[in-house]
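Open your viewer and keep the selection tool at hand. We will go from stop to stop, with a note on what to select next and what is there.

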Amino acid sequence: MKKTDNQALVIFGASGDLTERKLIPAVFNLFCGGFLPESYAVIGVSRSSFTDAAYRDKVVFNNEHLKSKPGATEENLKRFAKMVYYQAVDTKNTETYVQLKNRLEALDQEITTKSNYIFYLATPPSLYQTIANGLAENGLNNNENGWSRLIVEKPFGYDLASAKALNKGLLNSFSEEQIYRIDHYLGKETVQNMFVTRFANSIFEPLWNRNYIHRIEITAAEHVGVEKRGGYYDSSGALRDMIQNHLFQLVALVAMEPPVRPDAESIRNEKLKVFQSLRAYSDQDIKENVIRGQYLNSTVRGESISGYREEEGVNDQSKTETYVAMKFFIDNWRWADVPFYIRTGKSMPTRVTEVVIHFKPNHHHLFAHDSSLSNQQNVLVIRIQPNEGILLKFDMKIPGAGFNTEQVNMDFKYDELSNVYVPDAYERLILDCMQGDATLYARGDSTEAAWEFIDPILKAWEKDDSIPVYGYPAGTWGPENADNLIEGENMNWRYPCSNLTDDGNYCEL
């Protein structure tokens with residue numbers, strides 16, 4: 001394992017929900033697992049007035065998200081809390097950043113962090129450039145006596161123009177090698193295992209191309225609606241919130257060419273090539289190949305579910321999409337004319353994210369004795385969440401006379417591994433940044449390339465009122481119109497269940 005330098009994690013937005021719910025628990029897990037270096041500190045930064053002791057009470061001793069952790073004993077919490085500090089700074093006023101600099105220098109003398117700093121921006125995106133400028137003006141961006149790294153949360157831009165402006169602004173204060181654009185989907189163990197599944201196994205890689213694959217399908221469904229995030233979500237929507245970042249990162253991992261080496265630069269170079277190879281949509285393509293929807297009020301298992309426009313903070317005439325399904329192509333040698341389908345939605349039958357590889361059927365259907373089996377395909381399912389694992393579907397002979405066949409499952413699930421700890425996504429990504437490994441972080445040019453594909457869709461929706469927003473009852477798999485995207489007779493979306501192997505049409509409705 002890589003050596004981890006002594007260092008400090010500085011969290012801007014220290015009194016926010018993300019810090020308390022995800023970041024502090026992730027660092028605590030690293031502490032319990034023995035992954036932190038000998039000298040380490042967490043410094044919370046925000047405008048709120050806290051003493052060190054008061055902040056420790058808030059994020060450690062009174063943090064409900066820590067109490068459920070296996071290592072949350074009284075002794076461990078006390079030891080961990082000693083690493084946690086707080087510094088009040090007006091993040092909008094860069095003149096006050098000298099207070100943070102002085103505090104970091106004092107801590108460096110006290111616990112020897114060797115001027116190695118990670119600055120985590122758990123703040124609204126509107127503050128990213130201001131914070132980066134404030135750090136730079138006080139020399140907290142240099143790598144002379146130690147090193148400095150900047151973790152930026154999504155959303156990274158609202159459209160192509162804002163993403164370019166944000167990249168340019170951050171690069172005025174930090175170099176590309178210092179900027180870590182975090183996407184928690186890439187920290188999930190199954191996402192990383194997809195890379196190994198492809199390139200480490202000779203039964204898959206030779207088949208991973210247009211000659212053997214019929215289509216690739218990616219689903220990211222959420223069981224809940226927008227809940228209390230209606231105000232934020234109504235200015236974002238599913239295309240910005242899920243597809244431009246999370247799902248396109250999965251597309252890149254599925255479709256990329258083998259990198260020269262398994263290092264950050266080589267892998268991110270290949271991911272960029274995927275985005276550059278996306279076939280641009282025409283105006284007509286957007287109308288035919290991109291379906292947007294919005295969930296409607298419904299009754300699910302006897303419970304009344306509100307429609308999107310009835311949610312708190314949502315405009316009652318809103319056209320913001322809570323569901324998107326799209327078909328697109330990657331114009332390169334490997335994937336020419338292979339359709340890629342992705343969909344994401346709120347208030348669906350279950351919470352599930354998975355990648356589905358549909359292999360082409362045999363040309364000669366030797367054992368197909370009825371028309372329903374004429375398009376029987378082998379399917380590889382890579383489950384990201386929940387019930388993480390891999391499922392392979394193939395045909396076997398039914399015992400008895402004749403050659404009647406039935407599709408069977410061969411599966412592997414991570415929770416079947418004994419004595420193996422599967423780290424949380426934030427935990428893994430923070431550790432990677434601590435060790436200077438940017439493999440699972442997005443690079444600026446890839447972010448812009450993804451926006452170049454998405455931006456025309458957003459502009460078309462904004463300008464063309466003839467493009468509909470389809471309604472779908474809460475608790476269903478989205479608008480029926482999305483079924484028309486799938487090419488081929490008897491070809492449909494896979495309707496997954498929360499359990500990887502219990503699949504079937506609408507099994508959780």
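**Before you start**

This is a predicted model, in which local features need pLDDT of at least 70 and side-chain atom pairs count only at pLDDT 80 or more, while totals for chains, interfaces and linings use all residues. Residues are numbered from 1 along each chain as its sequence is written, and side-chain values use heavy atoms, with hydrogens and water left out.

**Stop 1: aromatic pairs**

A pair of aromatic rings is described by the distance of the centres and the angle of the planes. Here, rings of Phe, Tyr and Trp (its six-membered ring) pair if their centres lie within 6.5 Å; planes under 30 degrees apart are stacked, those over 60 are edge-to-face, and the rest are tilted. The count under this rule is 23 aromatic pairs.

Select F28 and F31, a tilted pair with 6.1 Å centre to centre and 35° between the planes. Both residues belong to helix α1 (residues 17–32), where they are 3 residues apart, about one turn of the helix. Helices (H or I, at least four residues) and strands (E, at least two) are DSSP runs, numbered from the N terminus. F28 and F31 are both buried, a word for under 20% relative accessible area; exposed is over 50%, and partly exposed is in between (1.4 Å probe, protein chains only).

Now select Y295 and Y308, whose rings are edge-to-face at 5.9 Å centre to centre, with 75° between the planes. Y295 sits in strand β8 (residues 290–296) and Y308 in the loop between β10 (303–305) and β11 (323–328), so this pair ties together parts that are 13 residues apart in sequence. Y295 and Y308 are buried too.

For a group of rings, select F248, F275, Y281, F328, W335, F340 and F453, which form one aromatic cluster.

**Stop 2: charges over rings**

A charge sits over a ring if NZ of Lys or CZ of Arg is within 6 Å of the ring centre and within 35 degrees of the ring normal. Select R56 with Y85: the charged end of R56 is over the Y85 ring, 5.2 Å from its centre. Then try R210 with W333, where R210 lies over the face of W333 at 4.9 Å from the ring centre.

**Stop 3: the largest pocket**

On a 1 Å grid over the protein atoms alone, a pocket is an open set of points with protein on both sides within 12 Å along at least five of seven lines, whereas a cavity is a set of points where a 1.4 Å probe fits but cannot get out; lining residues have an atom within 4 Å of a point. Grid points are joined across faces, edges and corners, and a volume is the space filled by probe spheres set on the points.

The largest pocket has a volume of about 1,700 Å³. Select L18, R21, K22, H184 and Y426, the closest to its centre of the 47 residues that line it. Colour α1 next: this helix gives the most to the lining of the largest pocket, with 5 residues. By class, that lining has 17 nonpolar, 10 polar and 20 charged residues. Ala, Val, Leu, Ile, Met, Phe, Trp, Tyr, Cys and Pro count as nonpolar, Asp, Glu, Lys and Arg as charged, and the others, Gly among them, as polar.

**Stop 4: the cavities**

How many cavities of 30 Å³ or more does the structure hold? There are 2.

The largest cavity has a volume of about 140 Å³. Of its 14 lining residues, select F156, Q244, N245, A442 and T447, which lie nearest its centre. α10 (238–255) and α14 (444–463) each supply at least two residues of this lining.

For the second largest cavity, at about 30 Å³, select Q249, R268, K271, Y441, A442, R443 and S446, which line it.

**Stop 5: backbone details**

Most residues other than glycine have a negative phi, and most peptide bonds are trans.

- Select K154 and P155: a cis peptide bond joins them, with omega about 5°. P155 is in the loop between β5 (148–152) and α7 (160–171).
- Select Q385 and P386: the peptide bond between them is cis, with omega near -20°.
- Select S115, which has a positive phi of about 60° although it is not a glycine. S115 is partly exposed, with a relative accessible area of 22%.
- Select R301, also not a glycine, with a positive phi of about 50°. R301 is exposed, at a relative accessible area of 60%.
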